[in-house]
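Work through the exercises below with the sequence and the model side by side. Each task is followed by a solution that goes step by step.

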Amino acid sequence: SSWLKRSLHLIFLGLLLTRICNFNCVYCDFEAGEETAFDMSPAISADALTWYAEFLKDSGHCHMEVHFFGGEPLISRDVIETAVHRSRLLADSHGLSLHLEVSTNGIVDRDYARFVGDYFHAVVLSLDGFQDIHDRHRPINSSRGSFASARQTASLLVQTPTELCLRCCVSNLNIECLEDIATW
């Protein structure tokens, strides 16, 4: 056990909160609204965070980094809120610096976007280019694209302390205009 703690270097703890997503992205194998998909419980996230913080402290590390993934992790609000507050408590009690990061499609209401912006150090927001391309890549359903909502969330996040990172998935729809997208 002590050998493992000395030899194991964890860059970050990744929590896959759910496979459920609120989109039907054309290139994704996660199922939007799939009833059989799993969800992590708040208790499991708290246990994982407790183990991670104790591991870091026992191995002489001073930095705790937690990343949230999914399907769409922000769907799991109870787990997010539990994990965010648990991480802050554990980092403080073990004398660790803390970095919280979430990858999201950004489809959240204004108040929740502000919560994310205030409590997460970094947000990786998927934005696949101009509206026509993004909406074809990331439809919410067969009649509605997600660009306007993602852009609104990005606009809200830049007004908060979080670092906003835009992630663009590349396909045959946008590969020819990547330079224009990056400039934009």
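**Exercise 1.** Which residues is Phe120 in contact with, leaving aside its neighbours within four places in sequence?

Solution. Taking contact to mean heavy atoms within 4.5 Å, Phe120 is in contact with Phe68, Ile80, Val84, Leu100, Glu101, Val102 and Thr162. Before going further, note that this is a predicted model, in which local features need pLDDT of at least 70, side-chain atom pairs count only at pLDDT 80 or more, and totals for chains, interfaces and linings use all residues. Residues are numbered from 1 along each chain as its sequence is written, and side-chain values use heavy atoms, with hydrogens and water left out.

**Exercise 2.** Find which members of the largest nonpolar core touch the most other members, and which elements contribute to this core.

Solution. A nonpolar core is a set of buried Ala, Val, Leu, Ile, Met, Phe, Trp, Tyr and Cys residues joined through side-chain atoms within 4.5 Å, where buried means under 20% relative accessible area, exposed over 50% and partly exposed in between, with a 1.4 Å probe and protein chains only. The largest such core has 32 residues, of which Met64, Phe68, Ile80, Val116 and Phe120 touch the most other members. The elements giving two or more residues to this core include helices H2 (42-58), H3 (77-93) and H4 (110-119), and H3 provides the largest share, six residues. Helices (H or I, at least four residues) and strands (E, at least two) are DSSP runs, numbered from the N terminus.

**Exercise 3.** Describe how H3 packs with H4.

Solution. Axes are lines fitted to C-alpha atoms, for helices over the stretch in contact, and angles run from 0 to 180 degrees between N-to-C directions. The axes of H3 and H4 come within 12 Å and cross at roughly 25°, so the two helices are roughly parallel to each other (angles under 35 degrees count as roughly parallel, over 145 as roughly antiparallel, 65 to 115 as roughly perpendicular and the rest as oblique). From H3, the contact uses Arg77, Ile80, Glu81, Val84, His85 and Arg88, and from H4, Tyr112, Phe115 and Tyr119.

**Exercise 4.** Is Ser45 buried or exposed, and what does Ser45 touch?

Solution. Ser45 lies in helix H2 and counts as buried, because its relative accessibility is 0%. Not counting residues up to four places away in sequence, Ser45 touches Leu15, Met40, Val79, Thr82 and Ala83. Turning to the helix pair, H2 and H3 pack at an angle of about 25° with their axes 9 Å apart, which means that H2 is roughly parallel to H3. On the H2 side, Pro42, Ser45, Ala46, Leu49, Thr50 and Ala53 meet Asp78, Val79, Thr82, Ala83, Arg86, Ser87 and Leu90 in H3.
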